[in-house]
Amino acid sequence: MGLNSFQTSGNSPGDANRCHVGILGMGTVGTAVARRLTGSDPIPHLQLTHICDRRARDKQARQPDAVARLTWTDRFDDLLASDIDIIIETIPGSEPAVDYVRAALLAGKSVVTSNKSVIAHHGEKLLALAERQGRQLRFEGAVGGAMPIVRALGDGLAGDHVLKLQAILNGTSNVVLSRMEATGCSLDEAIAEACASGFAESDPSEDLDGVDAAAKLAILCGLAFGVRVAPAAIDTRTTSRIAPTAFAKAKLRGGTIRQIAHAAFDRAQRRLEAWVAPTFVPSGTLFSTIHGPMNAAIISCAYAGDLMLSGQGAGGDASAVAIIADVLAIARDRAAIVPAPVLTPVKDLQGLSDSSIAEAV
Ligand SMILES: NC(=O)c1ccc[n+]([C@@H]2O[C@H](COP(=O)([O-])OP(=O)(O)OC[C@H]3O[C@@H](n4cnc5c(N)ncnc54)[C@H](OP(=O)(O)O)[C@@H]3O)[C@@H](O)[C@H]2O)c1
């Protein structure tokens, strides 16, 4: 990080009984976590002590006192050398985040990340490293915002066989499509409104093209089916060619359009069908009722039948809920050894099948 490194010493009292926490990346998500952990409604047993950001000096100056007086640095090594137990990683993209997560685990820290790229591309190896190090790596915030789908698949449904997953996993696409549905506006107008209200990047192509949802779906396939699938291998169809007329047609058919991430696994054949596409959804079903930056999922299981989840899919506060839940899970049992998942390759990976293509628009 910075050639002229920057570090301030915080004056927050160190409480040896509390779990000490540091944050890497003070953007939308990191800031929301910092404010929750230092706010008027503090979380028992957790003490945020360090913040690392490549522009630490600028960011520190813009914080409320309770955050500004923590120890700030622009060198990740300062987090590694500190007495923090858990590093919350909230920077974008795989690189250099994967190196930081690896270094944190090797330095004996547990890690909570909201970074889908790190987990989709490197999760398997990092989770194995965490197990070897006797530390934990948790990532609820990487998929579904406040919707606890990682826990649902990894823990709650561990006694079942998941057969199929269908989900809305990208808040930006859902904001754009539900805006077009509600107002009849063009895709460009809906994108402009989503940008203005902070729900889309100026270039939302990764969201609309399904790249973001495919990375999240790859993570969920590992949890649900125990299979290893590269995000780039998942069939994606773009939402960026949807015209207002498509909604008129969908309405005549008795439904609307949403970007759906779909995965179904045949255990006997080891065949995975996985795709992300703008899809016709009938009125009255869960997905047709999901508007704006919400996420939703229907998980179909062999024994438990169908389960449904929905919730705020993005945004700092929603992601902070998932992150803090992970931090608390580690803090409750810092010595727990969490076995890394054993993922196997799929024999046959299929995209949109003939039966599902009729629903893609
Ligand atoms: N925003 C959401 O709703 C949401 C929801 C769930 C998950 N996530 C994931 O959470 C992560 C953070 O998202 P975000 O929206 O908070 O991003 P963001 O607003 O862009 O914040 C990222 C922060 O990390 C800093 N940073 C970037 N690279 C760094 C590095 N190498 N070393 C130190 N600091 C670095 C950035 O500095 P600069 O200001 O200089 O860029 C910025 O302060 C991403 O992986 C994202 O996919 C986001």
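**Stop 1: the interface.** Between domain 1 and domain 2, about 1400 Å² of area is buried. Carbon and sulfur atoms give 62% of that area. Keep in mind that this is a predicted model.

Now colour the two domains. Select 7-146 together with 318-332 for domain 1. Select 149-313 together with 343-357 for domain 2. Their C-alpha centres lie 28 Å apart. The contact draws on 17 residues from domain 1 and 16 residues from domain 2.

**Stop 2: charges across the boundary.** How many salt bridges cross the interface of domain 1 and domain 2? There are four. Polar contacts link eight residue pairs between the two domains.

**Stop 3: the domain 1 side.** Select α6, residues 116-133, and α13, residues 316-332. Each of these helices supplies at least two residues of the side that touches domain 2. The largest share comes from α6, with five residues. Now colour this side of domain 1 by class. You will find nine nonpolar, three polar and five charged residues.

**Stop 4: two rings.** The structure holds two aromatic pairs. Show the side chains of one of them, Phe76 and Tyr100. The ring centres are 4.4 Å apart. Stacked or tilted? The planes meet at 35°, so the pair is tilted. Stacked rings would need planes under 30 degrees apart. Next, trace the chain between the two rings. Phe76 is in helix α4, residues 76-81. Tyr100 is in helix α5, residues 97-106.

Stop 5: Move to Pro96, in the loop between β5 (86-89) and α5. Zoom in on the peptide bond that joins Glu95 and Pro96. It is cis, with omega about 0°. Most peptide bonds are trans.

Stop 6: Finish at His45. Where is it found? Look in the loop between α1 (28-38) and β3 (46-52). His45 has a positive phi of about 75°, although it is not a glycine. Most residues other than glycine have a negative phi.

Conventions. Residues are numbered from 1 along each chain as its sequence is written. This is a predicted model: local features need pLDDT of at least 70, side-chain atom pairs count only at pLDDT 80 or more; totals for chains, interfaces and linings use all residues. Side-chain values use heavy atoms; hydrogens and water are left out. Domain bounds come from an automatic or database domain assignment. Contact means heavy atoms within 4.5 Å. Buried area is the accessible area (1.4 Å probe) that two parts lose on being put together, summed over both. A salt bridge is a side-chain nitrogen of Lys or Arg within 4 Å of a carboxyl oxygen of Asp or Glu. A polar contact is a pair of N or O atoms within 3.5 Å; within protein, one must be able to donate a hydrogen and the other to accept it, and residues adjacent in sequence count only if both atoms are side-chain atoms. Helices (H or I, at least four residues) and strands (E, at least two) are DSSP runs, numbered from the N terminus. Ala, Val, Leu, Ile, Met, Phe, Trp, Tyr, Cys and Pro count as nonpolar, Asp, Glu, Lys and Arg as charged, and the others, Gly among them, as polar. Rings of Phe, Tyr and Trp (its six-membered ring) pair if their centres lie within 6.5 Å; planes under 30 degrees apart count as stacked, over 60 as edge-to-face and the rest as tilted.
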